[in-house]
Amino acid sequence: MSEPSRVPVWPAIRRLLRLSGRQQAWLVLALALALIQAGTSVAGSLALGRVIDSVLAGEQQLFLRHLFITAALMGASVPLDYGRSRALGLFSERTMAALRARVAEQATLLPMAYLESRHTGDLLSVVNADLGRVQALLGGGIVTVVYQTALALTALVALIAISWPLALVSTVMVPLMFLVMSRVSAPVAARSKEMQEELGRTMGLAQDGLGGLMVTRVFGLAGLMDARFREANGRVVHQGLGLVRLRALTDAAGSVFGVLLFLITFGFGGWLAISGSLTFGRLTAFINMLNYVANPLGSLPPAIAGLGEAAGAAQRLFALLDASPERAGGARLEPLPGEPVVALRDVAFAYEAEPVLSGVTLSARAGETIALVGSSGSGKSTILKMLLGLYPAAAGSISLLGHDLERWSLEAARGQMAYMGQEPYLFPVSLRENIALGRPDGASAAEVEQAARLADIHDEIMAFPQGYDTPAGERGARLSGGQRQRIALARAILRDAPLLLLDEPTAALDAESEAQVQAALERFMPGRTTLVVAHRLATIRDADQIAVLDGGRIVEAGTHGELMARGGRYRALYEGQVAEEAESQTAIQAPIATGPAGEEHHV
């Protein structure tokens, strides 16, 4: 097993405290109460020793006085403990609420490139497991370390005051103990971080298995997926067992040193008491307070190791918070008369080091429909994502309504566009709410219904028992593919943006659903500037311009008639698709005959 790299603990804690903002006041209060409680615990032990000595001396007045003081000091621990827990709870819960809000906000601002480079299971591990460990730290880890340290130091001073020879003999092993315990517990933080990373990958595999359950079953992939999950889960177990071993070593070392301390104290302290150098009450107080030194020596290293685990989790959390968000700034601009609604000039783009687009020049004026066609991977969908500001151009420029896209705020720019993709995402809320999301600033019930009518989905919605209040289910699972797409179209219609972006919106639909969606689109598109990535070329014959992409470049552009007459790449694609559809139709319409053995065969 490789030696894990150490995770810096205190820098992580300092940053978490900075993130807590004004809530630090509650932590300060909790720490102050913890320090007072440490002092009263030591003072109570000293008072108890005097109670015992007064009993042995037969001094009734001293006995009653010291008994009252002991009771008062011990009773004070109740409100102190309550106040400490209350202040710590306020600090922890409010800080965690702020952290969760920061994580949620950051997740909505992260660039698509960052999100696509990380598995969602890994991100969920940060949100769930790592935040849980950070909460354990904020919910008591810091205060526990401070309290135990203060208790040990205060008790040590009191031990020296009672009998410095006995204190010297009893604590001579303390430096060695702490050195050994620190060395044993040091790797815990790094090992915890490694385990969390493995857990993130394992959660990703589990999410893949659940998300692709139908594919897994249909293609008989259960064994393969199980094997992959078992392998990943085995790595988590391996890391977890290593962590358990380190914790066990820490606990065992603390127990050994604790026993040695008390054996030494009982031996030498008993001899001092017999020789008259120490009263029995003071020896009792000494032994009682030695617990305040020995117990922290046993509990501090695990507590510090817990801080290390939380620091490892915090590092992963900080990595998410520190990721560069989408660009901010820009403004809401007014359209420039006479300028194209959208224009790309010599645009280039690459996913990391892989070129996708090169030298793309394209423009669309008001009311025009521009179709993007080409083989898979030619860069068609990437152009739409760049217009939406999801990917920045590596070279060239993109303009929207006459202004460079970089001058627009992303929110304002996206407000000028409505988007429909192959797989529309519906939220697990009502159909009304899903459509109304097209206008986040508010839409009336009549406007939602009008958008649904234009998308040809109103009648089907009203056929549901709950009508527009029907829950869509997770990702729209309660609807058919065509219904989901028309709900998404109603959302786009309600947005009423000047630019419509369509990314193969009918590619995943059956012929009947495709016809319904296509008919609704044809009612909505006239007079609206549209960029459409076409799946079936027959649906874009009437486009004002068709741009053919190949290898990230526009190799042809023109109307359907012009491109067919040119006899280039577009004509080859179109005729190939027509031939495929004709062959498929012939196969469907072929009669089925039954052979002598009862077997069916096409003729």
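## Naming and model

Helices (H or I, at least four residues) and strands (E, at least two) are DSSP runs, numbered from the N terminus. This is a predicted model, in which local features need pLDDT of at least 70, side-chain atom pairs count only at pLDDT 80 or more, and totals for chains, interfaces and linings use all residues. Residues are numbered from 1 along each chain as its sequence is written, and side-chain values use heavy atoms, with hydrogens and water left out.

## Two nonpolar cores

Let's start with the nonpolar cores, which are sets of buried Ala, Val, Leu, Ile, Met, Phe, Trp, Tyr and Cys residues joined through side-chain atoms within 4.5 Å; buried means under 20% relative accessible area, exposed over 50% and partly exposed in between (1.4 Å probe, protein chains only). The largest core has 56 residues, and L16, L99, V134 and M289 touch the most other members. At least two of its residues come from each of α1 (9–20), α2 (24–57), α3 (60–109), α5 (120–162), α6 (164–171), α10 (222–274) and α11 (280–322).

Leaving aside neighbours within four places in sequence, L16 is in contact (heavy atoms within 4.5 Å) with L99, V134, L137, L138, A314 and F318. Another core, of 41 residues, lies apart from this one, and I435, I457, V517 and M525 are among its members.

## How α1 meets α3

The axes of α1 and α3 are 9 Å apart, and the two helices pack at an angle of about 90°. Here axes are lines fitted to C-alpha atoms, for helices over the stretch in contact, and angles run from 0 to 180 degrees between N-to-C directions. The two helices are therefore roughly perpendicular to each other, a label covering 65 to 115 degrees (under 35 is roughly parallel, over 145 roughly antiparallel and the rest oblique). On the α1 side the contact uses L16, L17, L19 and S20, and on the α3 side F91, T95, L99 and R102.

## The sheet and strand β8

An open sheet of 6 strands runs in the order β6-β7-β8-β3-β9-β10, with mixed pairing; two strands pair if DSSP finds at least two bridges between them. At the edges, β6 and β10 (553–558) each have a single partner strand, so one side of each is left without a neighbour in the sheet. From one strand to the next, the twist averages 15°.

Strand β8 (residues 529–533) has 5 of its 5 residues buried, so it is largely enclosed by the rest of the structure. T529, L531 and V533 point one way, while T530 and V532 point the other. On one partner, β3 (residues 369–374), the pairing is parallel over 4 bridges, with I370 opposite L531. β7 also runs parallel to β8, joined by 5 bridges, and L500 stands opposite T530.

## Helix α17

Helix α17 (residues 481–495) has 15 residues and reaches 21 Å from its first C-alpha to its last, close to the expected 21 Å (1.5 Å times one less than its number of residues). Of these 15 residues, 12 are buried, so α17 is largely enclosed by the rest of the structure. Buried residues include R486, I487, L489 and I493.

The buried residues of α17 pack against β6 (417–420), α14 (431–436), α15 (445–454), α16 (458–463), β7 (499–503) and α18 (511–524).
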